[in-house]
Amino acid sequence: MGLNPSRGWKATGALLAVYLLLVAGITLAAPDEPWDAFPAGCPHESNCTRVADQNVRGEGLAPMRIAAARDDVQAALLEWLEEQPRTRILNSQDDFVHAVQRTVFFRFPDDFTFQISCEGNETVIQVQSQSRLGLSDFGVNEKRVRGFYENFDASALAPGNCAG
């Protein structure tokens, strides 16, 4: 009894079709719509990580404080976001950035937002990452926020006052 190569190709084609339908369904269920402001909080604690006025998850993290001009910090943040895989910037304003980052396999969209403000002479970045679909993120948003804290390097920015 030998293997039937035709059956293998049919099964592969069927799996590919199911995958493509799932990805298309996810894209239709959660379209990319730009936000105009930093969220007031996390809609569900099980699929969101926030490091801001009140943390949701993000244990041990605090809003990032940088002794540099706000415009320089935001430019560096945008550059960093553009380097991230599967990430697209949806909106960038004077004090706010909204990006979407998609998961690797099923392409689930997660909103990655940043509030940039001045407190005294420092530029302060608050961060939130949340899933658009589902009630659990399996730790993806926590990992994303921690990755930002570990990899965003503001050391090359000219020291200065937040207001410039």
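I count two strands as paired if DSSP finds at least two bridges between them. Strands (E, at least two residues) and helices (H or I, at least four) are DSSP runs numbered from the N terminus.

**Ground rules.** This is a predicted model, where local features need pLDDT of at least 70, side-chain atom pairs count only at pLDDT 80 or more, and totals for chains, interfaces and linings use all residues. Residues are numbered from 1 along each chain as its sequence is written, and side-chain values use heavy atoms, with hydrogens and water left out.

**Strands.** I started at V97, which stands opposite F114 in β5. β4 and β5 pair in the antiparallel sense over 7 bridges. Their hairpin has 6 residues between the strands, and R107 in the turn shows a positive phi of about 65°. Next I looked at β5 and β6, also antiparallel, over 10 bridges. There I116 stands opposite I125 in β6. This hairpin has 2 residues between the strands, and G120 has a positive phi near 65°.

I checked F114 by contact (heavy atoms within 4.5 Å). Beyond its neighbours within four places in sequence, F114 touches, among others, F38, L77, L81, V97, I125 and F148.

**Pockets.** On a 1 Å grid over the protein atoms alone, a pocket is an open set of points where a 1.4 Å probe fits, with protein on both sides within 12 Å along at least five of seven lines; lining residues have an atom within 4 Å of a point. The largest pocket holds about 310 Å³. Of its 16 lining residues, R86, Q101, V140, K143 and R144 are the closest to its centre. α3 (140-151) and β4 (96-102) each supply at least two lining residues, and α3 gives the most, with 7.

I also noted the second largest pocket, at about 160 Å³. Its lining includes T103, F108, R132, F138 and V140.

Notes:
Grid points are joined across faces, edges and corners, and a volume is the space filled by probe spheres set on the points.
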